[in-house]
Amino acid sequence: MRTTAALLLCLVLTGCIGNRPSKRPATDQDAALATPAYWWARPADNVVQNPHFEPLLQACQKSMASRFFDVDVIDRRQGLLLSRPSVSAQPFEPWRRDIGDQQGAAQSALATVRRTVRWDFVRLDNGLFEARPRVLVERYASAERRITDPSQFLSSFNGPSAGGTVESDQGRALPSRYWYATGRDLALEAQLAQQVRDLLASSRQAAMDNR
């Protein structure tokens with residue numbers, strides 16, 4: 001028993017010694033990765049094709065509405081359907097299906113996260129129309145403020161702090177509140193694409209039944 005305990009202690013101490021802190025700070029990242037443009041430009045992993053544009057567009061709108069995404073832009077000429085940014089569901093909102101997987105749900109529970117759905121429509125050389133979904137994930141950030149007096153408690157989350165911030169002390173100018181991109185919800189993109197396929201299939205079946 002003592003031998004086993006001693007062996008476990010050696011393993012724990014060895015693991016602690018081996019996990020040396022990285023010299024690279026967590027904030028040392030490429031600034032482009034935090035911009036929506038970077039993630040919008042990355043190719044879509046899922047596509048939906050249909051011979052007619054309007055049924056495809058309407059199916060995409062229905063898929064967004066079923067997940068509580070409000071439409072912000074519909075541009076038929078440019079082939080663009082864009083939702084308004086929507087703060088993602090919390091654990092007490094199980095009826096909202098705006099998060100693709102459990103990892104995304106955990107992130108939403110730990111921080112304020114929002115998602116924006118974008119569909120790009122392209123006409124292919126064979127005459128078919130193709131819809132490509134992308135879901136942008138952004139996280140809310142609020143600059144820290146120094147509180148040195150109880151009278152500052154109420155204003156700690158409203159407006160800039162007269163005593164400065166951690167960022168301003170380091171010579172960096174940041175807004176007090178902002179959203180920054182963290183990636184794409186690929187799981188939700190796949191779910192939206194499949195939902196649109198199902199809606200189009202149901203519409204075609206209903207049309208055949210009515211003949």
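Buried means under 20% relative accessible area, exposed means over 50%, and partly exposed lies in between (1.4 Å probe, protein chains only).

## About the model

The structure is a predicted model, in which local features need pLDDT of at least 70 and side-chain atom pairs count only at pLDDT 80 or more, while totals for chains, interfaces and linings use all residues. Residues are numbered from 1 along each chain as its sequence is written, and side-chain values use heavy atoms, with hydrogens and water left out.

## The overall plan

The protein chain contains six helices and seven strands. Helices (H or I, at least four residues) and strands (E, at least two) are DSSP runs, numbered from the N terminus.

Of the chain's 211 residues, 31% count as buried. Its accessible surface comes to about 14000 Å², and 56% of that belongs to carbon and sulfur atoms; such areas come from the Shrake-Rupley method with a 1.4 Å probe, and for residues only the protein chains shown count as cover. Among contacts between residues at least 6 apart in sequence, 66% join residues at least 24 apart.

## How the strands pair

Strands are said to pair if DSSP finds at least two bridges between them. Strand β2 (residues 71-75) and strand β3 (residues 80-83) pair in the antiparallel sense over four bridges, with aspartate 75 opposite leucine 80 in β3. Four residues lie between the strands of this hairpin, where glycine 79 takes a positive phi near 65°.

Strand β5 takes part in several pairings. Three bridges join β5 to β3 in an antiparallel arrangement, and leucine 82 has arginine 118 in β5 as its bridge partner. Strand β4 (residues 86-87) pairs with β5 over two bridges, also antiparallel, and here valine 87 stands opposite arginine 114. Between β5 and β6 there are 11 bridges, and these strands run antiparallel; aspartate 120 has arginine 132 in β6 as its bridge partner. The hairpin of β5 and β6 has five residues between the strands, and glycine 127 in this hairpin has a positive phi near 95°. Is β5 mostly covered or mostly uncovered? It is mostly covered, with eight of its 11 residues buried.

## Rings and a charge

The whole structure has five aromatic pairs. Rings of Phe, Tyr and Trp (its six-membered ring) pair if their centres lie within 6.5 Å; planes under 30 degrees apart count as stacked, over 60 as edge-to-face and the rest as tilted. Ring pairs link Phe53, Phe121 and Phe129 into a cluster.

Arginine 118 lies over the face of tryptophan 40, at 5.5 Å from the ring centre. For this, NZ of Lys or CZ of Arg must be within 6 Å of the ring centre and within 35 degrees of the ring normal.

Leucine 136 lies in strand β6 and counts as buried because its relative accessibility is 2%. Leaving aside neighbours within four places in sequence, leucine 136 is in contact with Pro36, Trp39, Trp40, Arg114, Arg115, Thr116, Ala181 and Gly183. Glutamate 189, found in helix α6, is buried too, with a relative accessible area of 0%. Its contacts beyond four places in sequence are Asp45, Asn46, Pro133, Arg134, Val135 and Arg184.

Phenylalanine 68 lies in the loop between α3 and β2. Most residues other than glycine have a negative phi, but the phi of phenylalanine 68 is positive, near 65°. Phenylalanine 68 counts as partly exposed because its relative accessibility is 44%.

Notes
Contact = heavy atoms within 4.5 Å.
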